[in-house]
Amino acid sequence: MRPRLPERRSLRTRLLLFIGVTLLVVCTAMALTTVLAQRAYLLGHLDQRVTDAAERSQGGLQRRTGDDTDLGFLNERGQAVGTLAARFGAEGDGSGGAAGDGARQVIAAQVVTDDGTRRTLTAAQRTALDGLATDGSLHTRTIPGLGTYRVTAIAGDGVPVLTGLPMDDVQDMIGGLVLVEAVAAGAGLTAAGIVCAVVIRRQLRPLDRVAATAVEVSRVPLGRGAVTGLTRVREGDTHPGSEAGQVGAALNRMIDHVESSLAERQRGEERVRRFLADASHELRTPLASIAGYAELMNRGIQQIEPALAWRRVSAESARMTGLVEDLLLLARLDEGRPLRSAEVDLAALVAEAVWDARAAGSGHGWQLALLLDVPALVLGDEARLHQVVANLLANARVHTPAGTTVVASVEATETGCVVRVRDDGPGIPPHLLPAVFERFTRGDVSRSRSGPAEGGSGLGLAIVAAITTAHAGRVEVASEPGRTEFTLTLPRVNVPPAVPSAAPAGTPHDVSAGAPAHLDPDAPRTGLVLGAPAGDPT
């Protein structure tokens, strides 16, 4: 039932990832800064051209004697291809805005084509230009069929006129700049990655030699007979000025301690025999499994793959270690040995346990609800109470399929604190409910399991019950298909009333983006604290 440690990437891989991400961030920031600065420069230059064109158009319009729709000044020299000009109606006419706000309706508009002629804009195109104030401010408008334009409308001392220039050149230049920077950054990052990989590999060679020495020592049979002359790390790789040298020196000291400690081996073997005697019924199958694989290995590799045999032997050895530790704890509790006693904040303890369970069981949905009007403080051994909550969460994780939602809640009253662990899994078989807290009770009666995911030894809930009883509390279970709930009740420590929280009751507090904070035991906490959907790595 113990959570399996997550796999870690090698130091070489992590260094490459860190350097690569750092270079990527720097390149992205530089490229973004360049693009924004270039865009601001080009847009400023275009705005100046638009303003000049507007003033030139207004001057040309003042020299003409046409009606309100006359745009003949577009034929004058100096008008660039794509230049757009428009005339306004009377202020306040049509949909141009309320009178007095400077916005008018466009009544005539033309654009200079590639061949130098003028083309009249349609009503739909003119509508895109409506609503501009004649205050000389610059605007960006998208005109159907023409594209994006930078436009301005000025009145000055003459006749109001609107002028605009296309933004195609600016957008094309910015697009080309982005493409060039992307290609250059990609090539640079690739070259930097190759160089970093070579440098990191060379710098980590001493550490590789230290690791090779450790592997060689680990292959020496230490189980029987006198062991002397173990391989040491060479002197050149033990210089204290480097991290690899410090590791090499520490490994040499550890090997010295191993050789000096082998004299105590006999006493350790006797302790193991006593442990096996206390759990002979449960340990019979893993011992037989180890013996079977050892026999197959003795007969030769034709009988079984060595790697498979060693994996099975390691798994069964780990299972035996867990059983021994659990049995020792139960024996101490049965003897009535006193536990440590100190104030424990159940809210913080359960929050940390849920976070640990979330890291071990990412395929499940984990939620934490703190429903507190008073601090959830109890007297007890914090480590053992954490083990109780961890066992309940691990029980829910191991015995429910992926995608199951597990909710842990903490409630506090004037007399007691209640911790509930609820899941929406398949439930506990009815015939197991009366004996669920007894030792060696399991849903799977088979004793041959290949790993923790297939079930535990049947001691996890027995430990929960024993520790709870030692704290003068009680634990109960109710189960049916789709809902299983364990309820842990402990006596509460009386403390002075807390200052009311500024947040109303039931306000959700989301801490799923980081590790659970250390909660203030004197502050009331309410609502949902942690929620993560099944399979969410965040």
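Hi everyone! pLDDT is the predictor's confidence in each residue, on a scale from 0 to 100. We need that term because this is a predicted model, where local features need pLDDT of at least 70, side-chain atom pairs count only at pLDDT 80 or more, and totals for chains, interfaces and linings use all residues. Residues are numbered from 1 along each chain as its sequence is written, and side-chain values use heavy atoms, leaving out hydrogens and water.

So how confident is the predictor here? The chain has a mean pLDDT of 77, with 75% of its residues at 70 or more. Confidence is highest in strand 13 (residues 416–423), at a mean of 94, and lowest in strand 16 (residues 528–532), at 48. Over residues 94–101, pLDDT stays under 50, and the model has 14 contacts for them beyond four places in sequence; a contact means heavy atoms within 4.5 Å. Where pLDDT is low, the predicted coordinates should not be read in detail.

Now the overall picture. The chain has 11 helices and 16 strands. Both are DSSP runs numbered from the N terminus: helices are H or I with at least four residues, strands are E with at least two. Of the 538 residues, 38% count as buried, meaning under 20% relative accessible area, with exposed being over 50% and partly exposed in between, using a 1.4 Å probe and protein chains only.

Six strands form an open sheet in the order 4-3-1-8-7-6, with antiparallel pairing. Two strands pair if DSSP finds at least two bridges between them. Which strands stand at the edges? Strand 4 (118–120) and strand 6 (135–143) do, and each has a single partner strand, so one side of each is left without a neighbour in the sheet. Further in the order, strand 7 (residues 147–154) and strand 8 (residues 161–166) pair over six bridges, in the antiparallel sense. There, Ile154 stands opposite Val161 in strand 8.

Finally, please find Glu485, in strand 15 (residues 483–491). Is Glu485 buried or exposed? Its relative accessibility is 14%, so Glu485 counts as buried. Its side chain makes a polar contact with the side chain of Arg483, at 3.0 Å. A polar contact is a pair of N or O atoms within 3.5 Å; within protein, one must be able to donate a hydrogen and the other to accept it, and residues adjacent in sequence count only if both atoms are side-chain atoms. Leaving aside residues up to four places away in sequence, Glu485 touches Arg420, Val421, Arg422, Glu476, Val477 and Ala478.
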